[in-house]
Amino acid sequence: MSRLLDSIDSPSDLKRLPVDDLPRLCDELREEIIQTCAKNGGHLGSSLGAVELNVALHYVYASPTDKLVWDVGHQAYAHKLLTGRRERFRTIRTEGGLAGFPERHESEHDAFGVGHASTSISAALGMLEAKRLSGAPGKVVAVVGDGAMTGGVAFEGLNQAGYLGRNLLVVLNDNEMSISPNVGALSEWFSKKFASRTYNRWRRAVKDFLSQVPKGPEAIDMIRHGINATKALVTPGILFEGLGFHYVGPVDGHDVRGLVETFQKLAIFDGPVLLHAITTKGKGYQPAESDKATRGHGLSFFDVATGKPVKKASAKAYTDLFAEALCEEMERDPRVVAITAAMLEGTGLIKAKARFPERTYDVGIAEQHAVTFAAGLACEGVRPVVAIYSTFLQRAYDEIIHDVALQRLPVTFALDRGGLVGADGKTHQGAFDVAYLRCVPNLVVMAPSDENELRHMLHTALHHDGPAAFRFPRGAGEGVALEPPQVLPIGKGRLARAVAGKPGVCIVALGATVRPALGAAEALAKEGIAASVVDARFAKPLDEELIAGEAERSRRVVTVEEGCLPGGFGAACLELFERRGFVAEGLRVKRLGLPDEFVTHGDQGRQRAQLGLDAEGIARACREVVGERAKRGAA
């Protein structure tokens, strides 16, 4: 039997199917997603759980005239399959292939580019208001996961949408909340009544009539309050009603026929509506349904039959090493607490939660709150460690400056995924942390070159009387034997490779780039080029004496970082050389790092090679600056 999915090249093809064929189509979509994620990795559980929502939304609404705005985009794999990208779907998250998240340039059906949570409601409201101002046709739907509702910006959007009273539909994809059968059944009964065409006609007619009679407005308010009070007894939606939304649900998020019927009714509803759909992460794939950690976030490659990973790095991942080091610090010092923003598994803090449940906090997708919460803890003598991905900490920038650094509070920031992240792509690359942190007064910024350096830097941060941050990469460590942690002198780097006499070039590297810098120096030595290597350790404050001393000896410097070049570590070195007057004296400097653009998804190793951040690329840059000297001498 041929697949229904193979006949769908656009949402208009989907609409030609009978409603009774939609469950079969959902099964086919699940199979395609499972097979692809097994080979490419990806957000399996979230996408499997939202298949019926995707199908029903595209069946009822007319994208791209109607805008479907996905929150985060973990839920949108079926959306990609239904919107003309079926034949390319198995390239998802690979170099040159489809992005793992919705991207506006990729398809007219991707209404908004996403990768960070809680933005869909605000973006959807903006689109709806733009349509109103321009007179453009079309409806707007925001699909938000229950996890994203822990982010404050989601409620800022709800608040404004309820105030404006526009015809915005928000679909709450709830895959965690537990609701008893009785309450769910009663709620669904009420919801169908509140969402029906007859109810809405009656509601408008009564409102129009009462508005014309004496004391009519008071009667309207009484009726509204009565309905809200009744719904509050049997649904969890009173919060949304209070924000100005009509609450509908909870409904079965895997009943595709029922969802189609509900969306058809809601498409003609006046005013803002929130539909509460109950779904199961990993729906239809037993390993994903039963494994909470697997359902919760992204997977690497796995065996379809078992759901288990098919390969594992030989050395421990930096994330695991950080978590173990933090647990050791928490064991030694009861003042140390751990904080993360909905990423217990992703940051490794699930280990801390198991060992120290009363001192490990998951605050939800609320990075701003996480940082200010940590500031409050620090005010009272606690030593908080805030573990957040580099790309997500961007969301709390004001809190870092205003609530922590300005008050010199001893908060430690552990930035996971500092640098290139590979398949997750543009939205998740840890490109900007060194640049956006090193300009903040009072803040120490570090980057470890191996596992022991990571342990030392965590220990140093916790013994520093002020705010400190360290960033580490995604992936495996270097495999070195672990040592007891030590307190590093603030602002002191180390000479990782010294050369006798005058170096031909000095490589100044930060963090994960130290190892390839040493590899480059070894290769250059075989060519007769003496290269010293400085492990800067600190992006702020710099070890000015060490870096300036090596620069003055060699007069040729290559800086290396896995972060953005504008404002980054290399720029800090240039500022140092300017202060010392070296630039005017003929110093030659070449900076290697991430370019002034968003780096797309692909293999980490290949991307490093393409950007010149591997040993070969660093050696090539060194030859260039050394060659400039030779050319000048020959001239």
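**A walk through the model**

F373 has a relative accessibility of 23%, and therefore counts as partly exposed. Keep in mind that this is a predicted model. Where does F373 sit? It lies in helix α17, residues 367-379.

Now its partner. What kind of pair do Y361 and F373 make? Their ring centres are 5.2 Å apart and their planes stand at 80 degrees, so the pair is edge-to-face. The cut-off for that label is over 60 degrees. Y361 belongs to strand β7, residues 360-362. Is Y361 buried, partly exposed or exposed? Its relative accessible area is 29%, so Y361 is partly exposed. Buried would need under 20%.

How many aromatic pairs does the structure hold? The count is 10. Let me show you another. The rings of F240 and Y247 have their centres 6.2 Å apart. Their planes are at 0 degrees, so this pair is stacked. F240 and Y247 are both buried. There is also an aromatic cluster, formed by F322, F470 and F472.

Next, helix α7, residues 152-164. It has 13 residues. From first C-alpha to last it reaches 19 Å, close to the 18 Å expected at 1.5 Å a residue. Which of its residues are buried? They are A154, G157, L158, A161 and G162. An α-helix has 3.6 residues a turn, so residues three or four places apart point the same way.

On the other side of α7, E156 and Y163 are exposed. And what do the buried residues of α7 pack against? They meet α6, β3, α11 and β5. Just after the helix comes G165, with a positive phi of about 75 degrees.

Move on to helix α24, residues 569-580. It has 12 residues. It reaches 17 Å between its first and last C-alpha, close to the 16 Å expected. Its buried residues are F569, G570, A571, A572, C573, L576 and F577. They pack against several elements, including α20, β13, α23 and β17. After α24 comes G581, and its phi is positive too, near 80 degrees.

**A buried strand**

Now strand β14, residues 531-535. Five of its five residues are buried, so β14 is largely enclosed by the rest of the structure. Which way do they point? A531, V533 and D535 point one way, S532 and V534 the other.

Which strands are joined to β14? One is β12, residues 494-497, with three bridges, and the two run antiparallel. There, L495 stands opposite V534. Another is β13, residues 505-509, with five bridges, and this pair runs parallel. Here C506 stands opposite S532. How does the chain get from β13 to β14? It passes through helix α22, residues 514-526. This β-α-β crossover is right-handed.

**Two loop residues**

Last stop: the loops. H601 is found in the loop between β17 and α25. Its relative accessibility is 6%, so H601 counts as buried. Now look along the chain. H601 and G97 are 504 residues apart, yet their C-alpha atoms are separated by 8.4 Å. What else does H601 touch? Among its contacts are R93, T94, E95, G422, A423 and Q607.

L488 sits in another loop, between β11 and β12. Is L488 buried or exposed? Its relative accessible area is 6%, so L488 is buried. From L488 to H459 is 29 residues in sequence, and 8.3 Å in space, C-alpha to C-alpha. Beyond its neighbours within four places in sequence, L488 is in contact with E453, H456, M457, T460, R537 and F538.

How values were computed:
Residues numbered from 1 in each chain as written. Predicted model: local features only at pLDDT ≥ 70, side-chain atom pairs only at ≥ 80, totals over all residues. Heavy atoms only, no water. Helix = DSSP H or I, 4+ residues; strand = E, 2+ residues; numbered from the N terminus. Expected span 1.5 Å × (residues − 1). Buried < 20%, exposed > 50% of the residue type's maximum accessible area, 1.4 Å probe, protein only. Contact = heavy atoms within 4.5 Å. Pairing = 2+ DSSP bridges. Right-handed = clockwise from strand over helix to strand, strands pointing away. Phe/Tyr/Trp six-rings, centres within 6.5 Å; stacked < 30°, edge-to-face > 60°.
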